[in-house]
Amino acid sequence: MSRYFAIVPAAGSGSRMGAERPKQYLELLGRPLLWHTLNTLCHAPAIEQVFVVISPEDQWWETFSWESLESLQVLRVGGETRAQSVSNALAAVCGQVGQEDWVLVHDAARPCLSQLQVADLIHTLQDDEVGGLLAVPVADTLKRGDAQGRVAQTISREGLWQAQTPQMFRYGLLDKALQACPGVTDEAGAIEALGLSPRLVAADMTNFKVTYPRDLALAAQILQARGEL
Ligand code: C5P
């Protein structure tokens, strides 16, 4: 039987936020944003252990309490890029995770992931040959802008999806893919480079990535409306 693990890369600086601290540590409903992300994964019944990847120089982690998150293990192996952080984590846990075990890689900056979305992803992919990711069909008309801020082109949205996380692949395949293709911006990109087609599992926009300061208020509203906290 394959087991399920989660890896949360949280070693980014979040420069687009323009804040005084990395965005994973910004306050969201009285806790660091990262706590909410980890809380969902640590309480997902199918997930055996959650690994959070922080930078070796991280000075914020110790200043918060993570005690309620029992299945959490901290890895101070963050790298230069997101893909490098994930690769380093895979190497660090090789003794604990089997080649055929599933790994769910999830952005630290997506604190509104719900238990339903995790369960849906696992249920849909548990017998899949390749694995896959949560994603949302593009609803808006897409425009390419030019350097003057004017429309250069309208792009058909047909068949387009916005990739989210978690992205769920077997340990052995994911490790091989990231080693072969370290320049990718998500795990699915590395799997695709091997010639495989990850499955798209329909999610919704509540699992959005906190990127700009105004996103924090929206994340707080989504979490409060759920009423779990
Ligand atoms: O910057 P962006 O929001 O795209 O980062 C996506 C995720 O990757 C975040 O959770 C961030 O903390 C993580 N990351 C990382 N190591 C890096 C860069 C980003 O773990 N060197």
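## Contacts with the ligand

A polar contact here is a pair of N or O atoms within 3.5 Å. Within protein, one atom must be able to donate a hydrogen and the other to accept it, and residues adjacent in sequence count only if both atoms are side-chain atoms. Pro9 uses a polar backbone atom, 2.7 Å from an oxygen atom of the ligand. With Lys23 it's a polar side-chain atom, 3.0 Å from an oxygen atom of the ligand.

How much of the ligand does the protein cover? On its own the ligand has 470 Å² of accessible area, and the protein covers 83% of that (Shrake-Rupley method, 1.4 Å probe).

## Where these values come from

You're looking at a predicted model, where local features need pLDDT of at least 70 and side-chain atom pairs count only at pLDDT 80 or more, while totals for chains, interfaces and linings use all residues. Residues are numbered from 1 along each chain as its sequence is written, and side-chain values use heavy atoms, with hydrogens and water left out.

## Who surrounds the ligand

There are 15 residues around the ligand, and Pro9, Ala11, Gly79, Ser85 and Lys209 come nearest (a residue counts as near if one of its heavy atoms lies within 4 Å).

## The chain as a whole

The chain has 6 helices and 11 strands (DSSP runs of H or I, at least four residues, and of E, at least two, numbered from the N terminus). Its radius of gyration is 17 Å, close to the 17 Å that the globule rule gives for 229 residues, so the chain is as compact as a globular protein of that length. That radius is taken over C-alpha atoms, and the rule is 2.2 Å times the number of residues to the power 0.38.

Leu29 sits in the loop between strand S2 (27–28) and strand S3 (31–32). Its phi is near 50°, a positive value in a residue other than glycine.
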